[in-house]
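Subject: Handover of a structural model

Dear colleague,

Please find below the structure that I am handing over to you.

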Amino acid sequence: MDLNEFQAKELFRKYGIPIPQGNVAHSTEEAVQAASANPRVVIKAQVLTGGRGKAGGIKVANTIREVEDGAGEILSMSIKGFKVNKVLVEEQLDIKKELYLCVVLDRENEGYKLIFSETGGIDIEELARREPENIKTTNIEPFPGLVPFQLREILHSLGEETKKYAREIYQIMNRLYTLFIETDAKLAEINPLVVTGEGKCVACDAKVSIDDNALFRHSELLSCRLPEDEIPLEREAREKGLSYIKMEGNIGCLVNGAGLAMATMDVLKHYGGSPANFLDIGGGAKAKQVKDALEIINKDTGVNTIFINIFGGIVRCDLVAEGILKAKKELNIKKKLVIRLIGTNDQKAYEMLDREGLRVFTGMADAAIKAVELAKEI
Amino acid sequence: MSILLDRSSRIVIQGAAGVEGMFHTEQMLSYGSRVVAGVDPSLKTDNIAGVPAYKLLKEAISNHSPDTSIIFVPAPFAFDAIMEAIYCGIKTIIVITEGIPITDFLKIKQYSRDRDVCIIGPNCPGVIVPEECKAGIMPGHIFKKGEVGVISRSGTLTYEIVLALSSSGIGQSTCVGIGGDPVPGSSFIDILKKFKDDEQTRVVVLIGEIGGSAEEMAAEYIRSEFGKPVVAFIAGKSAPPGKTMGHAGAIISAGVGTAEEKIEALERAGVKTASVPDRIPELVREYL
């Protein structure tokens, strides 16, 4: 689960990491209100996607008029399909130096790593390409976790100018690591970590992503999931226990198993089609999950053909057929259907679907080719 | 020969009293697996599907000496169950459970590293030696005894490919689901090493997907040491970056983990990759 910047900063505040003064605003009026004491602010779109700066989602204002214009403009934007519905209005910082700091899950080393750079403010991937020598990485093992000497080693290697702030940087590193561990984060990033003219270190931006699998022990973070931040169909799917990701194509996919769901999209694409979504109905799916999934795909106005691809192992094909028939009857599905079912109880499913005049494919490739063909018809 | 399991493997089920645990205990028994005991802290009877059951793994071990554990315990309690298995000296631990917090598993991984323990999973369908032993949740009837080793990060996609192999008359030596989590107990390389030493296995089918760089590392191992032909399929060519595609580990982040990179690395290592899953049997046949 990705947090919005303002939510991540709220966590920073809790853990004693300095942040700029700011307020969240949902309207131009609220933005003006937030800037009334000091109109020299930065207005930042709060959306759960990257690249908001490039998209024009961050604006600097010096007068109330500029706040009004800037907030109005950002609040009417969409960034990568996400409608902006709130902004963070923050005091401008007197930036003397920009640093980079993050703690992140490290799959390859089976632990975590702390990454620090004296060059901040640009993408870490870009930085890694441009000046890899300026990135300092420290590997952290689950046991014993971050050990103080590891931070001292980093600080020791800093340039003279940055060294003046070593104490504060040390403290922020420690606190960010504690936050990372205690919230079961996959990523906690400060980019840039700003050194101000007054010589203070402040987290100018904040990015935190929590391990979804650990949310069961973080009820305090559940309120960070705001309905308005999610793509509506994705929210509906999540609430129904389905794993669904919306894309831009015209062939809706309904599959059991994540690997097969990805492969199904790939196969459609291979034969010249365009998948509209990823959807895994789950390992123990029954008629209800199938019907729920069809309901969601049916709501996607970009979809004209639905491709159902089920490999019955634990999932029983007859129950899938029951779900399809129920959905067809109750949801008035007008979109074209291509059904591929094979595995446990498939004969029974074929009979059920045959009675209703629905053709069933047994091979995935044949079915995919058919779906692509139908999707291209007008 | 096979790897990890064989006809004589003695299996204990952890989390045996749950719906999944009970169902699959029966399924494994009917496949012919030697399930010797069940364990579940919330147990109310002394047997599950006719198998003697206990509240503690320790008791099951002293009475039935299992060598393999399969874990169905729900994610919040999986750390406890896996650690119990390691402490009790079980050497092969297969974790079916999906949704284990990554930090829990990293601790387990580090703890198990120097203890001669083989963990398969989590978030996996398990291991099957066709016509001998099944320690997992896969539909047994699609597998056929033979000479192809299968390693995969996914479940149903593996069944799809195995069915295609079996229907073409190509059997399997052992099929191992290493699971869809970002950090698996056993990597592709760990399993490839076992297949290298297994006489029955002549070809390996590797089924990978986007996220991380396990396939790239496997490619390097295959190129330099493996010595047997490998055929691969990588899922997720059409997946958008930055999105978790169902499996916790299936995410392209910071440009790392794309299908294209993996396919390229594998091809460079001499691995034939299939453009669609259906093509796997013909590629495998070239080596048999």
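A residue is called buried when its relative accessible area is under 20%, exposed when over 50%, and partly exposed in between, using a 1.4 Å probe and the protein chains only. By that criterion A:Glu236 is buried, with a relative accessible area of 18%.

This is a predicted model, in which local features need pLDDT of at least 70 and side-chain atom pairs count only at pLDDT 80 or more, while totals for chains, interfaces and linings use all residues. Residues are numbered from 1 along each chain as its sequence is written, chains are lettered from A and ligands numbered from 1 in the order in which they are written, and side-chain values use heavy atoms, with hydrogens and water left out.

A:Glu236 belongs to helix 9 (residues 232-239) of chain A. Helices (H or I, at least four residues) and strands (E, at least two) are DSSP runs, numbered from the N terminus. Leaving aside residues up to four places away in sequence, A:Glu236 touches A:Ile296 and A:Lys299; contact here means heavy atoms within 4.5 Å.

Strand 2 of chain A

Strand 2 (residues 41-45) of chain A is largely enclosed by the rest of the structure, because five of its five residues are buried. On one side lie A:Val41, A:Ile43 and A:Ala45, and on the other A:Val42 and A:Lys44, all buried, so both faces are covered. Two strands are said to pair if DSSP finds at least two bridges between them. Strand 2 of chain A runs antiparallel to strand 3 (residues 58-61) of chain A, with four bridges joining them, and A:Val42 stands opposite A:Val60. Strand 2 of chain A also pairs in the antiparallel sense with strand 6 (residues 87-91) of chain A, over five bridges; there A:Val41 faces A:Glu91.

The sheet of chain B

In chain B, seven strands form an open sheet of mixed pairing, in the order 9-8-11-10-12-13-14. Its edge strands, each pairing on one side only, are strand 9 (133-136) and strand 14 (272-273) of chain B. Within the sheet, strand 10 (residues 145-152) and strand 11 (residues 172-177) of chain B are parallel and share five bridges, with B:Lys145 opposite B:Gln172. Helix 6 (residues 188-196) of chain B lies across strand 10, strand 11 and strand 12 of chain B, at about 165° to strand 10. Axes are lines fitted to C-alpha atoms, for helices over the stretch in contact, and angles run from 0 to 180 degrees between N-to-C directions.

Cavity and pocket

On a 1 Å grid over the protein atoms alone, a cavity is a set of points where a 1.4 Å probe fits but cannot get out; a pocket is an open set with protein on both sides within 12 Å along at least five of seven lines, and lining residues have an atom within 4 Å of a point. Grid points are joined across faces, edges and corners, and a volume is the space filled by probe spheres set on the points.

The structure holds one cavity of 30 Å³ or more, and the largest cavity has a volume of about 40 Å³. Strand 11 of chain B gives the most to its lining, with three residues. The second largest pocket has a volume of about 440 Å³. Its lining comprises 23 residues, with A:Gly313, A:Ile314, A:Val315, B:Phe23 and B:His24 nearest its centre. Helix 1 (residues 19-31) of chain B supplies the largest share of that lining, seven residues.

Yours sincerely
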